[in-house]
Amino acid sequence: MKGVNAISSSLDPPRALGATPRFDEVAAEQLDAVYRYLVYLTGDRAAAEDLAAETFEKAFRLWRRFDPRRSAPRTWLCRIARTVAIDWFRAEARRKRREETYSRDLGESVEAAFGDGLSAPLEAALRELSPAEREVVALRVLLELDGPSAARVLGISQTACSTRLSRALRRLEEMIGDVRE
Amino acid sequence: MSANDVIGGERMEALLRGDAPRSGAEERRAALLDGLRAAQLRAPEALRARVLATAPAPAARVSRLRRPTRRLALVVVPVAASLAVGAALVHGLVGSGGGKTATDHPPAVRNALAPTTTWRSAGGGAAAAPSSGALEAVPAAPVGSTSRLQHTAASLQVRVADTDALSAATKAATRIATSLGGYAQSVVYRTPQSGGGTADLVLRIPAASVQTALVRLSALGTLVSQQVSVQDLQHAFEVESAQIAQLRRSIAALEQALRDPSLPDAQRVLLRIRLAEQQRALAQRLHARKGTVAAGTTARVSLVLSTAKSAVAPHHRGRVGRMVHSAVGFLALEATVALYVLIVAAPFLLLGGLAWGLNRARRRREERRLLAA
């Protein structure tokens with residue numbers, strides 16, 4: 001089922017082979033996708049907003065290295081977003097160690113972090129997943145990247161990517177089932 | 001959840017594509033996917049404005065600056081190869097010279113070289129006994145000034161008809177050397193079963209008779225090539241003579257001083273030590289000068305006699321040939337340097353690669369740990 005998502009469904013808009021799209025067009029097209037990926041990865045909308053901005057700033061600086069024949073803009077941007085997010089996770093871990101208290105409790109957030117319209121059990125179940133599991137769900141289900149592209153973003157094999165996705169979805173089903181029971 | 005609920009990879013991909021579920025498990029999975037996709041999550045307008053503000057339509061500038069690494073490598077590698085080949089060609093052009101005669105020899109020797117053309121009739125090639133006319137036709141190979149001490153080294157390649165002629169020519173060459181007051185230093189005679197044969201002779205000829213020897217040796221068959229080099233030893237001889245004279249004067253002075261009865265014992269001992277040193281030095285210089293004189297009075301003639309079958313064709317190189325030869329040599333030198341650099345750099349590259357790999361693995365582990373929390 002497609003088209004439900006508000007994100008633009010054009011993964012790879014038809015362009016001449018090798019033609020580099022304009023950055024501003026790509027940014028406008030892919031912003032929602034990158035933001036959504038970062039929300040799922042971090043579980044924090046505010047952080048995702050900052051990281052998305054940082055991602056596009058970095059992408060703008062690296063735009064001359066982008067080769068449309070090697071990857072789609074969405075895949076390329078997600079890889080940058082992931083690098084930026086990893087740095088954020090690292091900084092958060094350092095901060096946590098330094099302060100020994102984690103002031104931002106994701107579980108207590110009042111705002112629906114993963115999107116408006118998600119059922120409460122699904123929202124809760126998503127919170128229980130690890131960032132690694134949430135990001136593979138975001139890439140494969142929401143951003144609709146194919147297996148090789150998602151594996152490339154994650155830096156793992158396609159098999160490992162499929163396994164991780166299956167495990168994440170199975171966990172979600174289990175947790176939703178538990179809540180319903 | 002039972003084992004039947006497990007959804008295979010292919011079916012999972014089908015469900016992701018929106019295919020209809022085929023089982024209860026697939027229905028639940030499809031419902032989950034629909035639930036996930038149902039959520040509305042758009043980037044806030046503030047973020048959109050912020051992002052678009054950082055990207056002021058840079059397409060024109062970007063397309064000009066874009067230099068993909070792989071494409072760059074496709075340019076850099078051929079350019080580097082072209083530069084290497086170009087440098088070799090320039091080296092070849094510069095090194096090949098412009099004359100028509102072979103320039104494989106130093107200038108001092110070049111003048112002394114006889115032409116390496118087969119001075120006998122090209123069609124003949126037979127190793128008939130040289131006629132007197134042919135003997136006269138042997139190109140004169142000047143062997144330097146007779147007033148200066150010079151060492152002459154010559155090499156000749158002479159072709160004969162068959163093994164019988166080869167044997168005869170070898171004996172004749174030895175006789176020529178002895179008749180001129182010289183001797184055969186070494187003779188290597190080979191007649192393999194495959195046919196043909198060669199004889200490598202090293203002859204020592206008195207310097208005064210080198211010219212005659214070369215003419216007579218050349219006449220043993222068809223002269224294929226001839227090379228003469230002359231090394232001036234006069235300066236070395238004069239230096240050695242001057243040193244000997246100075247040492248002799250010094251020894252005479254020391255001996256005179258030692259004859260003085262009033263000389264203190266301690267000083268006498270010192271003078272005797274010095275005298276012994278000077279005498280030893282004198283002996284060495286005398287020996288060296290003897291060698292220099294011997295080299296100057298005896299020429300070394302290397303003669304290669306070969307049958308027509310085994311004879312190596314003379315290597316005549318034109319300007320293009322010399323250029324190619326020089327360029328190939330330069331390329332080989334470049335390859336040697338590149339190989340040397342590679343050998344020197346290889347351990348560092350290996351260590352760098354290892355460090356990079358370890359660092360990457362460490363970062364991967366850290367990432368997994370961070371995202372697994």
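Of the 8 residues of helix 6 (residues 147-154) of chain A, 6 are buried, so this helix is largely enclosed by the rest of the structure. A residue counts as buried if 20 or more other C-beta atoms lie within 10 Å of its own, as exposed if 12 or fewer do, and as partly exposed in between, with C-beta atoms placed from the backbone. The buried residues of the helix are A:Ser149, A:Ala150, A:Ala151, A:Arg152, A:Val153 and A:Leu154. After helix 6 of chain A comes A:Gly155, with a positive phi near 70 degrees.

The model is predicted: local features need pLDDT of at least 70 and side-chain atom pairs count only at pLDDT 80 or more, while totals for chains, interfaces and linings use all residues. Residues are numbered from 1 along each chain as its sequence is written, and chains are lettered from A and ligands numbered from 1 in the order in which they are written.

**Chain A**

Chain A has 7 helices and 0 strands; helices (H or I, at least four residues) and strands (E, at least two) are DSSP runs numbered from the N terminus. Of its 181 residues, 41% are buried. Two residues are in contact if their C-beta atoms, placed from the backbone, lie within 7 Å. Among contacts in chain A between residues at least 6 apart in sequence, 71% join residues at least 24 apart.

The mean pLDDT of chain A is 82, and 80% of its residues reach 70 or more. This score is the predictor's confidence in each residue, from 0 to 100.

| Stretch of chain A | pLDDT | Contacts beyond four places in sequence |
|---|---|---|
| Residues 1-14 | under 50 | 23 contacts |
| Residues 106-110 | under 50 | 4 contacts |

**Cores and the contact between chains**

A nonpolar core is a set of buried Ala, Val, Leu, Ile, Met, Phe, Trp, Tyr and Cys residues joined through C-beta atoms within 7 Å. The largest one has 64 residues, and those touching the most other members include A:Val34, A:Leu38 and A:Ala52. Helix 1 (residues 23-42) of chain A gives the most to this core, with 12 residues. Beyond its neighbours within four places in sequence, A:Ala52 is in contact with residues of both chains, among them A:Leu31, A:Tyr35, B:Ala43 and B:Leu47. Another core lies apart, with 29 residues, including B:Ala154 and B:Ile176.

The contact between the chains takes 50 residues from chain A and 41 residues from chain B. On the side of chain B that touches chain A, helix 2 of chain B supplies the largest share, 9 residues.

**The sheet of chain B**

In chain B, 5 strands form an open sheet with mixed pairing, in the order 2-3-5-1-4. Two strands pair if DSSP finds at least two bridges between them. Strand 2 (183-190) and strand 4 (222-232) of chain B are at the edges, each with a single partner strand, so one side of each is left without a neighbour in the sheet. Strand 1 (residues 150-160) and strand 5 (residues 298-307) of chain B pair in the parallel sense over 8 bridges. In strand 5, B:Leu305 is the bridge partner of B:Val158.

The loop between helix 9 (210-218) and strand 4 of chain B holds B:Gly221. B:Gly221 is buried, with 30 other C-beta atoms within 10 Å. Its C-alpha atom is separated by 9.3 Å from that of B:Gln157, although B:Gly221 and B:Gln157 are 64 residues apart along the chain.
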